[in-house]
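The sequence and structure come first.

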Number of protein chains: 2
Amino acid sequence: MSSRTPGTEQPHAGSLRIGDVARLVGTTPRTIRYYEEIGLLPEAPARPSGRHRLYSDTEVERLREVMRLKDLLGVSLEELKTLLAAEDARAAVRAQLRREDVDSDRRQALLQEALGHIDRQLALVRRRAGELSRLEDELSETRKRVRRKMRELDAHAGATFAAPAPILQRPGGP
Amino acid sequence: MSSRTPGTEQPHAGSLRIGDVARLVGTTPRTIRYYEEIGLLPEAPARPSGRHRLYSDTEVERLREVMRLKDLLGVSLEELKTLLAAEDARAAVRAQLRREDVDSDRRQALLQEALGHIDRQLALVRRRAGELSRLEDELSETRKRVRRKMRELDAHAGATFAAPAPILQRPGGP
DNA sequence: CATCAAATTGACGTGAACGTAAGGATCACG
DNA sequence: CGTGATCCTTACGTTCACGTCAATTTGATG
């Protein structure tokens, strides 16, 4: 829809331009360049300075993950960078583990490290999730009280004419 | 500890100074003034311009709630303002409902409005909570895989000497 | 009432996270 | 090979959410 308006589609992945990526993940080229600039995203691999950046869908996924974490955890890009360092470390681990020529001790160490990273992220996520769920409970509670009051009022003063059906859909619906 | 260093304690609430409030909720006076400036907090009621602001613990609670929402929902102060307008509406409803001289129709309308506000907040909270919990699940899943891999590795190459006990505490613990 | 910590208004400064504009270079396409 | 759309870099501008400094007041206390 934008890289090459119509025409010969190269079906093999790996040739998305920055504008396409931006639209795919719902952001702007500037933001993507900025993330690269501050080291949140790796510089497009070995790109002759001045040429266009090219991305594969792997990188698109990565960017999606980055923005998701940023939004959900509400952390600064700097903090996010350390969190992603963790992800990268895990990626490195996976890469190393695929090779057979590393001894068990090393493998254990790598796994141990990965576990540490995961646990730190989990702690962060769990804390926020917990707080949010508490907030949700409080709101639900309040909601119930309001509903009850409405029913009471309807029963007392009502009976004159039928109350219009409550306009409620399950919250969370479409 | 700071308003009046030691001395005669006026045990009745309602005379906290801005610095005290700031410390109580973990922020700075500047932030409180700023929130007032942009209309997030009501101007301290009928304060002769130039005099010190005085707060009651009710207002402290309110501020706590504000900061909690800001943090948990990750919204701008402007968005937060509309959300709080909702809270204020509910407060108004409560106030009105305590008076007996409002007719049932009005009461129903107020309650209906309040319900709308609550539902909007609930939707927001539920969405975020859901996303966060999905993230949590994914992380837990990954964690399990890593643990499994570690055990496998330990079983295969291990048996040479006892592996040191894993340093794991329940995530979320102290 | 003198004093000193803490508050007030006003103004300017700041870091984060981009937006925007300028002047060229690239790239797919005809 | 021309051309228009997109991209490149550089650099300055902007918004949000406060921080900070200054000159002055307020207000509880010795």
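A cavity here is a set of points on a 1 Å grid over the protein atoms alone, where a 1.4 Å probe fits but cannot get out. Its volume is the space filled by probe spheres set on the points. The second largest cavity, on that basis, has a volume of about 90 Å³. The model is predicted.

## Cavities

With a threshold of 30 Å³ or more, the count is two cavities.

## Lining of the largest cavity

A total of 13 residues line the largest cavity. Nearest its centre lie Ile32(B), Leu41(B), Pro42(B), Tyr55(B) and Glu59(B). Two elements of chain B, α2 (29-37) and α3, each give two or more residues to this lining. The biggest contribution to the lining of the largest cavity is that of α3(B), with four residues.

By class, the lining of the largest cavity has eight nonpolar residues, one polar residue and four charged residues.

## Lining of the second largest cavity

The second largest cavity is lined by residues of chain A: Val21(A), Ile32(A), Leu41(A), Pro42(A), Glu43(A), Ala44(A), Tyr55(A), Glu59(A), Val60(A), Arg62(A) and Leu63(A). Which helix gives the most to the lining of this second largest cavity? Helix α3 of chain A (residues 57-73) does, with four residues.

The lining of the second largest cavity divides into eight nonpolar and three charged residues, with no polar ones.

## Packing of α1 and α3 in chain B

Helix α1 of chain B spans residues 18-25, and helix α3 of chain B spans residues 57-73. Their axes are 10 Å apart and the packing angle is about 45°. Angles from 65 to 115 degrees would count as roughly perpendicular and those under 35 as roughly parallel, so α1(B) is oblique to α3(B). The crossing of α1(B) past α3(B) is right-handed.

On the α1(B) side, the contact consists of Val21(B), Leu24(B) and Val25(B); on the α3(B) side, of Val60(B), Leu63(B), Arg64(B) and Met67(B). Six of the residues in the contact of α1(B) with α3(B) are nonpolar, none is polar and one is charged.

## Packing of α1 and α2 in chain B

The axes of α1(B) and α2(B) lie 8 Å apart, at an angle of about 100°. That angle makes α1(B) roughly perpendicular to α2(B). From α1(B), the contact takes in Ile18(B), Gly19(B), Val21(B) and Ala22(B), and from α2(B), Pro29(B), Ile32(B) and Arg33(B). By class, the contact of α1(B) with α2(B) has five nonpolar residues, one polar and one charged.

Val21(B) takes part in the contact of α1(B) with α2(B) and also in that of α1(B) with α3(B). Ile32(B) belongs to the contact of α1(B) with α2(B) and is one of the residues nearest the centre of the largest cavity.

## Packing of α1 and α3 in chain A

In chain A, helix α1 (residues 18-25) and α3(A) cross at roughly 45°, and their axes come within 10 Å. The angle makes α1(A) oblique to α3(A). This crossing of α1(A) and α3(A) is right-handed.

Val21(A), Leu24(A) and Val25(A) of α1(A) meet Val60(A), Leu63(A), Arg64(A) and Met67(A) of α3(A). The contact of α1(A) with α3(A) comprises six nonpolar residues, no polar residues and one charged residue. Val21(A), Val60(A) and Leu63(A) are in this contact and also line the second largest cavity.

Key
Residues are numbered from 1 along each chain as its sequence is written. Chains are lettered from A and ligands numbered from 1 in the order in which they are written. This is a predicted model: local features need pLDDT of at least 70, side-chain atom pairs count only at pLDDT 80 or more; totals for chains, interfaces and linings use all residues. Side-chain values use heavy atoms; hydrogens and water are left out. Axes are lines fitted to C-alpha atoms, for helices over the stretch in contact, and angles run from 0 to 180 degrees between N-to-C directions. Angles under 35 degrees count as roughly parallel, over 145 as roughly antiparallel, 65 to 115 as roughly perpendicular and the rest as oblique. A crossing is left-handed if the near helix is turned anticlockwise from the far one by less than a right angle, and right-handed if clockwise. Contact means heavy atoms within 4.5 Å. Ala, Val, Leu, Ile, Met, Phe, Trp, Tyr, Cys and Pro count as nonpolar, Asp, Glu, Lys and Arg as charged, and the others, Gly among them, as polar. On a 1 Å grid over the protein atoms alone, a cavity is a set of points where a 1.4 Å probe fits but cannot get out, and a pocket is an open set with protein on both sides within 12 Å along at least five of seven lines; lining residues have an atom within 4 Å of a point.
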